[in-house]
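Subject: Structure handover and notes

Dear colleague,

I am passing on the structure below, followed by notes on what was found in it. Please read the notes with the coordinates open beside them.

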Amino acid sequence: MKRYLYIIVALLTLSVPACAKVDVKEIIFDHLQDSYEWHIAGDVALPLPCIVYDGEKGLDVFLSDKLEGGEVYNGYHIDEESGKIVNEAGVRPVDLSITKNVMEIFIVCFIVCFVILYVANWYKKNGYKKAPGGFVAMMEVLINFLDKDVVEASVGHEYKRFSPYLITVFLFILTCNLVGLVPIFPGGANLTGNIAVALTLAVTAWVATNFFAPRSYFKEIFWPEVPMFLKAPVPLMPTIEFIGVFTKPFSLTVRLFANIMAGHIIILSLTSIIFITWEVGPAIGAPMTLVSVAFCIFMNCLELLVAFLQAYVFTILTANYIGLAHAH
């Protein structure tokens, strides 16, 4: 083990002093924010398609490399403060661009669909003639656990209506979290640590809870079974219950978004320690490199646990909210 650590230190000794001064704040915020290109390594980046619509110019499609370095293309440029495409007047057009996060979502959806179809195809071919093994067996255990111990236990006898949605949500969030931990292309995007993605997932949970609830659910919100002075003439309890309808998706959003974003920030900050300390000198940089590598390994292992935990927490809370919306 010591031999490998010495090799890491030796490589960093040769490479780090030649590096330019590292702006940790810029690195962290560039990673957390969405972008119109996918940075791979060094100066190599994959340009992504920009799709914008302006009322005067109409629809315009071009690659993001035309806007590199603050360049202007067809009247559009990237605003330095917001990082978004704006026109000459500084107004944002309708932006339907395939950004880094959007591309990563496509990749995650492909992975989830491939896994589900692969497992389903195995059972279609083999049925119950033989016991599954390897990856199929692992997925069978995972899906049975979610179906019986999470969805059925939380929702009740109507769980079959919501089981496909809840299992899909779990697999999607888990895949997003795991792909986000991969530091090289095509991984590394901060999906569930992006508040827009987390909010969209929470909105789907809100729709599943409220749009498929029985009438008794709305009766408990607007006219709950409490003493009359708590609901008339001042509707105290109905107001609290109505606010609770919206605080549930808000809590789901903040919990998922904050936990995943914090993990990415910590890992990037620990990695930046190497470059910061090497600016002081090799005497400090070499031992701090070992400390940084050790903490990064620990944090990545912890983030693997968090990836599963946050997917599970989001799923079981959504299942509980759906179950509480049904009278039984």
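Which residue, just after α8, takes a positive phi? It is Gly281, whose phi is about 160 degrees.

Before going further, please bear in mind that this is a predicted model, in which local features need pLDDT of at least 70 and side-chain atom pairs count only at pLDDT 80 or more, while totals for chains, interfaces and linings use all residues. Residues are numbered from 1 along each chain as its sequence is written, and side-chain values use heavy atoms, with hydrogens and water left out.

The overall picture

The chain has 9 helices and 7 strands, both being DSSP runs numbered from the N terminus (H or I with at least four residues for helices, E with at least two for strands). The C-alpha atoms fill a box of roughly 70 × 60 × 50 Å along the principal axes. Of the 328 residues, 38% count as buried, where buried means under 20% relative accessible area, exposed over 50% and partly exposed in between, with a 1.4 Å probe and protein chains only. Among contacts in the chain with a separation of 6 or more, 62% come from residues 24 or more positions apart, a contact being heavy atoms within 4.5 Å.

Helix α8 spans residues 236–280, and its 45 residues reach 61 Å from the first C-alpha to the last, close to the 66 Å expected at 1.5 Å a residue; the expected span is 1.5 Å times one less than the number of residues. At Val245 this helix bends by about 30 degrees, and a proline, Pro249, follows within four residues; the bend is the angle between axes fitted to the seven residues ending at a position and the seven starting there. Ile240 also has its place in α8, and this residue is partly exposed, with a relative accessible area of 46%. Its C-alpha atom is separated by 39 Å from that of Gly83, 157 residues apart along the chain.

The axes of α8 and helix α9 (residues 282–324) come within 8 Å and cross at roughly 170 degrees. Axes here are lines fitted to C-alpha atoms, for helices over the stretch in contact, and angles run from 0 to 180 degrees between N-to-C directions. The two helices α8 and α9 are therefore roughly antiparallel, a word used for angles over 145 degrees, with under 35 counting as roughly parallel, 65 to 115 as roughly perpendicular and the rest as oblique. The residues of this contact divide into 22 nonpolar, 11 polar and 3 charged, with Ala, Val, Leu, Ile, Met, Phe, Trp, Tyr, Cys and Pro taken as nonpolar, Asp, Glu, Lys and Arg as charged, and the others, Gly among them, as polar.

Helices α5 and α6

A second pair is formed by α5 (residues 159–180) and α6 (residues 195–210), which pack at an angle of about 170 degrees with their axes 12 Å apart, and which are therefore also described as roughly antiparallel. Phe162, Tyr165, Phe172 and Ile173 in α5 meet Leu201, Thr204, Ala205 and Ala208 in α6, and by class this contact has 7 nonpolar, 1 polar and no charged residues. Helix α5 has 22 residues and reaches 31 Å between its first and last C-alpha, close to the 32 Å expected; it is mostly covered, with 16 of its 22 residues buried.

Backbone details to check

Most residues other than glycine have a negative phi, and most peptide bonds are trans. Against that background, a cis peptide bond joins Phe185 and Pro186, with omega about 10 degrees, and Pro186 is found in the loop between α5 and α6. The bond from Ala232 to Pro233 is likewise cis, with omega near 0 degrees, and Pro233 lies in the loop between α7 (215–222) and α8. Asn74, in the loop between β4 and β5 (77–78), has a positive phi near 55 degrees although it is not a glycine, and at 45% relative accessibility it counts as partly exposed.

Leu59 lies in strand β4 (residues 58–63) and is exposed, with a relative accessible area of 58%. Leaving aside neighbours within four places in sequence, Leu59 is in contact with Ile51, Val52 and Tyr53.

With best wishes
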